[in-house]
Amino acid sequence: MYGNYLKLLAKLGLYLMLTFIALIYLMPFIRSLVASFMTWEQASKIPPEWIPNPFTLRAFNRIFALKLFPRWFLNTALVAVATVLSNIMFCSMAGFAFARLRFPARDLLFSLLLSLMMIPAFVTIVPNYVILYKLGLIDNLVGVILINAVSVNGVYLMRQYFLSLPQELFDAAKIDGCSNIKAFFYVALPLAKPAIGALSVYQFLGAWNAFLGPLVILKSPENFTLPVGLTYAFHRQWYVEYSPIIAGSLIAAAPTILMFVIFNKYLIRGITLTAGRG
Amino acid sequence: MAFALYLSFYSWDFIGPMKFVGLENYVKAFREIWRGINGAPPFFAPFFVGMRNIFLYTAVVVPVQTILAIILAVLANQRIKGVTFFKVSYFLPSVTCSVIVSLIFVWLFQKNGLINYLISRVIPGFSPNWLMDDRYALWAIMLVAIWGTSGNLMVSFLAALQAIPNELYEAAIIDGAGVIRRFFNITLPLLKPMIAYAVVLGTIGCLQMFDLSFVMTGGGPAYATYTMALDIYNTAFINLDPGLASAKAWILFALTFVITYFVQKKYGTLRA
């Protein structure tokens, strides 16, 4: 009898603790969501109020009154989609080559590639900038896409996945007269859907949230992506009130949050596949 | 990569011809550090100030976020209803863009913002102007960093926790070990490789901290939140000295490498 009560009590305590921590983690989101529907006077009241009164869309109106804001949104979306597509193509091909093909110095090349993961972005940003400068791609969204077109992490993820597929499949394909290219498109790729899913979600988030690359490469405000643009607006103090920045931030974060809530299984599996091997 | 190394031996302003200067850029960078050690004001030794700040930052953020992540993972690893909701809410900050997180926190950290309000309920009368005060600005940024990354590490720890075979716990229960002893004698030792991984990755991330400082404070007030990465950015793209910036970037990389090497040596190696 007592044992049951104790169990129930422990469970209750656990729930309380989990909820409390979740509140801490969600608080900034909840607070900014509520505040973005308030007038600025109400949002900066002390003690804080939690129910918008009057309910107003002023903050959203003001951020969209800025002609550049929708433009930034489109730029970001374009960069993110292009980055995802090029990563799916190149990472899966490279991953397949490293996992299933035999060519000289393959393992040496692969460990070289892995060591690239250690190099901080700050070592490569200056040379990348110079290369893009020579190509005439500074202040161009193509430049932003190009520097993230292939990710080492992505190649690694795809290689691990292709290695986990049974070799017999590829042997059978070979006996049926498949070339390597055919084996890639008709056998490996259709089987790699879960890995490609994880890769896409990762690359989308990475490209959507990227800051340093776009910050360095993009010069004119109409080419900015959302993170760069919002920082620019904040530093230039375009708004006396802070609520338009908050509203803009929420809109900018919405696609990633939505994506995460829908695909969190893929994302967590991706981490398990690459990082969880500890 | 190789181009970065090549660049660090040249003096160049992006436009004019490149001039080979040998190790001069490295000498300049080290002289800056040396000036800083001798107590030069931050303006003359920004690279050193960035280094000092980032060491303090890393030394605080990495242990706290790792321990927090383990606690979160253990809590979220219970088989109860609705646990997915909690996992998602802990992980949410790490999928949100760091710039957006910074912008939201700038507002929360204002003198009459939410964070000061919550603190004033616990410690009355304590309401610093976080990001404008050089004593608190770096701590405020640490707080944001911990909030933002612990969820990400939690997922890695969750994966590691789920890999621990259940029989070990069953055996321990038969031997009469309590919850706490089970945690310290089974869970923690088996998590050790994962902890090493989290510490190494966390250190690499912390040493390169850039966006939080750039957005929230711009390195100020009075260089209190200046970081090495910020200095590399300024050297390359504000002072237009890519050669010196590359030299500094290589010093940052060397530091990262040495530190992570010692962490790995002490806590076991990573299996890539």
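A residue is taken as buried if 20 or more other C-beta atoms lie within 10 Å of its own. In the predicted model described here, Met154(B) has 27 C-beta neighbours inside 10 Å and therefore counts as buried. This residue belongs to helix α7 of chain B. Leaving aside residues up to four places away in sequence, Met154(B) touches Ala69(B), Leu72(B), Ala73(B), Ala76(B), Tyr90(B) and Phe91(B). Ser102(B), by contrast, is 52 residues from Met154(B) in sequence and 21 Å from it in space, C-alpha to C-alpha.

Two of the residues touched by Met154(B), Tyr90(B) and Phe91(B), also take part in the contact between helices α4(B) and α7(B). Two packed helices are described by the angle between their axes and the distance between the axes. For helix α4 (residues 83-95) and helix α7 (residues 137-162) of chain B, the axes come within 7 Å and cross at roughly 120°. Angles of 65 to 115 degrees count as roughly perpendicular and those over 145 as roughly antiparallel; α4(B) and α7(B) are therefore oblique to each other. Their crossing is left-handed. From α4(B), the contact involves Tyr90(B), Phe91(B), Leu92(B), Pro93(B) and Ser94(B). These meet Trp147(B), Gly148(B), Thr149(B), Gly151(B), Asn152(B), Met154(B) and Val155(B) of α7(B). By class, the residues of this contact comprise seven nonpolar and five polar, with no charged residue.

Chain B as a whole contains 12 helices and two strands. Along the sequence, these elements follow the pattern α-β-β-α-α-α-α-α-α-α-α-α-α-α. Of the 272 residues in chain B, 45% are buried. Among contacts in chain B between residues at least 6 apart in sequence, 67% join residues at least 24 apart. The mean pLDDT of chain B is 80, and 86% of its residues reach 70 or more. Within this chain, confidence is highest in helix α3 (residues 46-76), at a mean of 88, and lowest in strand β1 (residues 10-11), at 52.

A further position in chain B, Leu190(B), is found in helix α9 (residues 179-207). Leu190(B) has 16 C-beta neighbours inside 10 Å, and so counts as partly exposed. Its C-alpha atom is separated by 9.5 Å from that of Ala163(B), a residue 27 positions away along the chain.

In chain A, a helix pair is formed by α8 (residues 152-164) and α11(A), whose axes come within 10 Å and cross at roughly 170°. This angle lies over the limit of 145 degrees, and α8(A) and α11(A) are therefore roughly antiparallel to each other. The crossing of α8(A) and α11(A) is right-handed. Gly154(A), Leu157(A), Met158(A) and Tyr161(A) in α8(A) meet Ala195(A), Ala198(A), Leu199(A) and Gln203(A) in α11(A). The residues of this contact divide into six nonpolar and two polar, and none is charged.

Most residues other than glycine have a negative phi. In Ala105(A), however, phi is positive, near 60°. Ala105(A) is located in the loop between α4 (68-100) and α5 (106-116) of chain A. With 8 other C-beta atoms within 10 Å, Ala105(A) is exposed. Asp139(A) likewise has a positive phi near 60°, and lies in the loop between α6 and α7 (141-147) of chain A. Asp139(A) is partly exposed, with 14 other C-beta atoms within 10 Å.

The two chains also contact each other. For the complex, the predictor gives an ipTM of 0.81 and a pTM of 0.81. The interface brings 54 residues of chain A into contact with 54 residues of chain B. On the side of chain A that touches chain B, at least two residues each are supplied by α1 (2-35), α6 (121-135), α11 (193-209), α12 (212-217), α13 (226-235) and α14 (243-274). The largest share of that side, 13 residues, comes from α14(A). By class, the residues on this side of chain A are 40 nonpolar, 11 polar and three charged.

Conventions. Residues are numbered from 1 along each chain as its sequence is written. Chains are lettered from A and ligands numbered from 1 in the order in which they are written. This is a predicted model: local features need pLDDT of at least 70, side-chain atom pairs count only at pLDDT 80 or more; totals for chains, interfaces and linings use all residues. pLDDT is the predictor's confidence in each residue, from 0 to 100. Helices (H or I, at least four residues) and strands (E, at least two) are DSSP runs, numbered from the N terminus. Two residues are in contact if their C-beta atoms, placed from the backbone, lie within 7 Å. Ala, Val, Leu, Ile, Met, Phe, Trp, Tyr, Cys and Pro count as nonpolar, Asp, Glu, Lys and Arg as charged, and the others, Gly among them, as polar. Axes are lines fitted to C-alpha atoms, for helices over the stretch in contact, and angles run from 0 to 180 degrees between N-to-C directions. Angles under 35 degrees count as roughly parallel, over 145 as roughly antiparallel, 65 to 115 as roughly perpendicular and the rest as oblique. A crossing is left-handed if the near helix is turned anticlockwise from the far one by less than a right angle, and right-handed if clockwise. A residue is buried if 20 or more other C-beta atoms lie within 10 Å of its own, exposed if 12 or fewer, and partly exposed in between; C-beta atoms are placed from the backbone.
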